[in-house]
Amino acid sequence: MHHTRPVRRLLAAAALCVLAACASVDPKPSGPYVRQGPFPAPENLRAPVEFWKQVYGSWSLGQYALHDERYLDLVYEIVDLPGGAREGLSTDDKSVLRARRDGLQAQLRELERKQLAGESLNADEKRLRERIVASSAGEAGVIGAAERLRAQRGIRERFARGLEIGARYDQRFREIFQSAGVPGDLAYLPHVESSFQASARSSVGAAGIFQFMPSTAKSYMVVHTATDERLDPLVAAQGAARYLADAYSRLGDWGLAITSYNHGVGGLAKARSLHGADIGRIVWDYDGKAFGFASRNFYAQFLAARELAGRTVVTPARGIQVPRENVVLDHPTSAPHLASYYGLSVEQLSALNPGWSPAALGGRAMLPAGATVWVPDQTLARLAAAGQPATPAELIAMADPPRTAAAPARKRGVR
């Protein structure tokens, strides 16, 4: 049995060469299909953009699309979960999804085997083959289809909630991005990263609306035991704006700069050196070791989210404070001391500063010098009129752990 796989691979490779020659659809045509502002939309990204529009706007949390991970216009079926649209997956949900995926994968493997062997197909196999051939995968798509099978959950409900939260932040984010010299529409990026969930944390350590990794964040904001500014949407937006400005200055193209947010500037610089600045060509042709599904689709996700969010009118979410005034500490200071100085409770001040840790709120950890502190509007004018400085004098001496020198941006992007 262990000798059959290499033989099968050789047969598959030979068949792939033959079938590719007669494929009716070229998955990598040149030229844009839309060009809105600074963001190119190459023709060969049309299918990925349309796919992600369905993920964000059509398919619910209670649905999984079984699809080809390379040719995203090839969606085999939509699996409805028995548990419906909820965040977690029950045992029954997982069981149903696994059974449907395993069954389809077995069908695809049998279809490939019969095609390579020249055997006749039954009615179901013919319909399955016709679906593959009609997609951008073309005649060659049958080979390897089982290995390319992937399940994608819909996030319509998350995206809708993200639109409500994003509407509250949109103006401020645009101001922040534009002041950094980058397009205001980059304010849509959190739809891709976190669905605008400020407390979002990934399994690899990324955090906040903009999903900064700690190593990268330290180049753009404060990450400390007392405050993690990745969890502060406004400070994180400032960091994202600076990162993207730096990326664009090096890569010279917004498709590449946005993709670098996931894959890293160094990786995209290498891809550009091999394939030029055409993001569509890079998505299809670049085979960098870490350039997987997430990196290949990141820019298409941004285009999809931008299109949907840009044409949707929503009511901004309630209960979210978006302050406009801040101070930057020039010495370590406790949160209770700051609150007292501004005439607020710790709870009132912490509501404006979501990155503060429980230790900071309790006065057990000092907010470090360099930390941004948001205060209620008109606070600075009130203090100035009273002849008081913007921050209180240092009243207690507490040795604060030395701040780690800013680390260079990690190779594989922000997340």
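Glutamine 211 sits in the loop that runs between helix 6 and helix 7. Helices here are DSSP runs of H or I with at least four residues, strands are E runs of at least two, and both are numbered from the N terminus. The model is predicted, so local features need pLDDT of at least 70 and side-chain atom pairs count only at pLDDT 80 or more, while totals for chains, interfaces and linings use all residues. Residues are numbered from 1 along each chain as its sequence is written, and side-chain values use heavy atoms, with hydrogens and water left out.

Glutamine 211 is not a glycine, yet its phi is positive, at about 50 degrees. Its relative accessible area is 4%, so glutamine 211 is buried. Buried means under 20% relative accessible area, exposed means over 50%, and partly exposed lies in between (1.4 Å probe, protein chains only).

Serine 195 belongs to the loop between helix 6 (189-193) and helix 7 (214-217). Serine 195 has a positive phi near 55 degrees, and serine 195 is a residue other than glycine. Serine 195 counts as buried because its relative accessibility is 8%.

## Glycine 162 in helix 5

Where is glycine 162 found? Glycine 162 is in helix 5. Its relative accessibility is 0%, so glycine 162 counts as buried. Leaving out residues up to four places away in sequence, glycine 162 touches His191, Ser195 and Phe196. Contact means heavy atoms within 4.5 Å.

Glycine 162 and proline 316 are 154 residues apart in sequence. In space, they are 9.8 Å apart, C-alpha to C-alpha.

## Helix 5 meets helix 8

Helix 5 covers residues 156-179 and helix 8 covers residues 233-251. Their axes come within 9 Å and cross at roughly 35 degrees. Axes are lines fitted to C-alpha atoms, for helices over the stretch in contact, with angles from 0 to 180 degrees between N-to-C directions.

The crossing of helix 5 and helix 8 is right-handed. A crossing is right-handed if the near helix is turned clockwise from the far one by less than a right angle, and left-handed if anticlockwise. On the helix 5 side, the contact is made by Tyr169, Arg172, Phe173, Ile176 and Phe177. Helix 8 contributes residues including Pro233, Leu234, Ala237 and Leu244.

## Glutamine 301 and the cores

Glutamine 301 lies in helix 12 (residues 293-310). With a relative accessible area of 12%, glutamine 301 is buried. The side chains of glutamine 301 and tyrosine 56 are joined by a polar contact of 3.1 Å. A polar contact is a pair of N or O atoms within 3.5 Å; within protein, one must be able to donate a hydrogen and the other to accept it, and residues adjacent in sequence count only if both atoms are side-chain atoms.

The largest nonpolar core has 90 residues, and Tyr56, Phe177, Phe210 and Phe302 touch the most other members. Such a core is a set of buried Ala, Val, Leu, Ile, Met, Phe, Trp, Tyr and Cys residues joined through side-chain atoms within 4.5 Å. A second, separate core of 17 residues includes Ala335, Ala339, Trp356 and Ala365.

## The whole protein

The protein has 16 helices and seven strands. Of its 415 residues, 48% count as buried. Among contacts with a separation of 6 or more, 68% come from residues 24 or more positions apart.
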